[in-house]
Amino acid sequence: MTGLRERKKERTRQRIAAAAWRLFAERGFEAVTVSEIADAAEVAKATLFAYFPTKESLALQGVGDDNLAGIVAGRPAGQAALEALREHFRNFAARPMTGVDPEVLVSRVRVIFDSPALTSATNALLYQQRQKLAEVLAAEQDGPTAVLMAAQINASLVTLQEGFFQRLAGGASLDDARRQLSEDVELAFDLLERGLGRVDRPATTRGPKGAEDRPYQQGQQGQST
């Protein structure tokens with residue numbers, strides 16, 4: 001059970017974050033100073049820095065926090081890396097997002113993308129995330145394979161997040177955006193597991209969407225014999 005001191009610290013942290021995001025949304029990240037955030041949150045600058053060492057760290061809470069390397073490293077014996085990651089993000093997408101304000105989420109994403117400094121910092125965090133994943137995968141794969149796997153996984157997950165926020169920005173409800181995210185997670189990991197060659201073919205070699213690929217495979221086999 002959380003003690004009184006911990007609850008008080010968490011309330012202070014939330015108050016600082018809320019004040020900062022209100023100012024960022026109104027004026028943009030670069031235009032807001034740390035002193036203004038501290039004044040709006042009614043705390044000393046030293047207190048603010050005790051919770052957030054930089055203004056960037058305040059704005060980028062949660063960015064790159066998915067511990068992809070930890071998920072892969074801690075998976076059960078015999079489970080493939082992609083299976084562990086699929087299961088993690090499948091469970092995340094299926095979880096109800098209670099207490100989340102879609103407008104606040106969209107506002108935060110816009111603040112980040114409108115700021116060159118935050119966009120650069122976001123890319124750096126995602127690069128670090130990708131590098132850590134590649135290091136874990138390198139224990140089981142050769143170096144180039146591990147790096148390419150990590151890059152493709154990371155790019156897919158970033159694209160999933162972008163699609164989710166774009167739907168919210170377009171007016172979709174949180175539940176609808178979450179349901180679509182669940183479908184997108186399955187599609188993304190299907191593509192990662194099976195490879196793009198399965199779908200990247202001329203239309204004349206493909207049947208209707210969802211049809212089996214057996215005719216195409218048989219045709220290819222016939223040509224090679």
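## Thr122 and its contacts

Contact here means that heavy atoms lie within 4.5 Å. In this predicted model, Thr122 touches Leu60, Val63 and Ile112, residues up to four places away in sequence not being counted. Thr122 lies in helix H8, which comprises residues 116-137. With a relative accessibility of 14%, Thr122 counts as buried, because the cut-off for burial is under 20% relative accessible area.

Ala134 is also found in helix H8. Its relative accessibility is 10%, so Ala134 counts as buried. Beyond residues up to four places away in sequence, Ala134 touches Ala146, Val147 and Ala150. The C-alpha atoms of Ala134 and Ala146 are separated by 5.1 Å, although the two residues are 12 residues apart along the chain.

## Helices H1 and H7

Helix H1 covers residues 4-27 and has 24 residues; at 1.5 Å a residue it should span 34 Å, and the 35 Å between its end C-alpha atoms agrees with this. The buried residues in H1 are Thr12, Ile16, Ala17, Ala19, Ala20, Trp21, Leu23 and Phe24. These buried residues pack against helix H2 (34-41), helix H3 (45-51), helix H4 (55-59) and helix H7 (102-114). Just after H1, Gly28 adopts a positive phi of about 95 degrees.

For H7, the 13 residues should span 18 Å at 1.5 Å a residue, and the end C-alpha atoms are 18 Å apart, in agreement. Val106, Val109, Val111 and Ile112 are buried in H7. The cover over the buried residues of H7 includes H1, H4, H8 and helix H9 (143-169). Ile112 is also one of the residues that Thr122 touches.

Glu42 has a phi of about 60 degrees although it is not a glycine. With a relative accessible area of 69%, Glu42 is exposed.

## Aromatic pairs

The count of aromatic pairs comes to 3. The ring centres of Phe24 and Phe29 are 5.2 Å apart and their planes stand at 55 degrees, so this pair is tilted. Phe24 counts as buried at 1% relative accessibility, and Phe29 is buried with a relative accessible area of 3%. Another pair, formed by Phe164 and Phe165, is edge-to-face, with 5.5 Å from centre to centre and 65 degrees between the planes. Phe164 is buried at 7% relative accessibility, whereas Phe165 is partly exposed at 24%.

Ring pairs join Trp21, Phe24 and Phe29 into a cluster. Lys55 lies over the face of Phe29, 4.3 Å from the ring centre.

## Arg75 in the loop between H5 and H6

Arg75 is located in the loop between helix H5 (68-73) and helix H6 (81-94). Its relative accessibility of 18% makes Arg75 a buried residue. A polar atom of the Arg75 side chain lies 2.7 Å from the backbone oxygen of Val72, and the side chain of Arg75 also reaches the backbone oxygen of Gln79 at 2.5 Å. Neighbours within four places in sequence aside, Arg75 is in contact with Ala80, Ala81, Ala84 and Glu140.

The contact with Glu140 includes a salt bridge between the two side chains, at 2.8 Å from N to O. Glu140 lies in the loop between H8 and H9 and Arg75 in the loop between H5 and H6, so the pair ties together parts that are 65 residues apart in sequence. Glu140 counts as partly exposed, at 45% relative accessibility.

## Other salt bridges

Across the whole structure, 9 salt bridges are found. One of them joins the side chains of Arg178 and Asp175, at 4.0 Å from N to O. Both residues lie in helix H10 (residues 174-194), 3 residues apart, about one turn of the helix. Arg178 is buried at 14% relative accessibility, while Asp175 is partly exposed with a relative accessible area of 42%.

Arg179 forms a salt bridge with Asp176, and their closest N and O atoms are 2.3 Å apart. Arg179 is partly exposed at 46% relative accessible area, and Asp176 is partly exposed at 40%. Salt bridges with shared partners also join Arg86, Arg90, Glu186, Asp190 and Glu193 into one network.

Note on methods: Residues are numbered from 1 along each chain as its sequence is written. This is a predicted model: local features need pLDDT of at least 70, side-chain atom pairs count only at pLDDT 80 or more; totals for chains, interfaces and linings use all residues. Side-chain values use heavy atoms; hydrogens and water are left out. Helices (H or I, at least four residues) and strands (E, at least two) are DSSP runs, numbered from the N terminus. Buried means under 20% relative accessible area, exposed over 50%, partly exposed in between (1.4 Å probe, protein chains only). A polar contact is a pair of N or O atoms within 3.5 Å; within protein, one must be able to donate a hydrogen and the other to accept it, and residues adjacent in sequence count only if both atoms are side-chain atoms. The expected span of a helix is 1.5 Å times one less than its number of residues. Rings of Phe, Tyr and Trp (its six-membered ring) pair if their centres lie within 6.5 Å; planes under 30 degrees apart count as stacked, over 60 as edge-to-face and the rest as tilted. A charge sits over a ring if NZ of Lys or CZ of Arg is within 6 Å of the ring centre and within 35 degrees of the ring normal.
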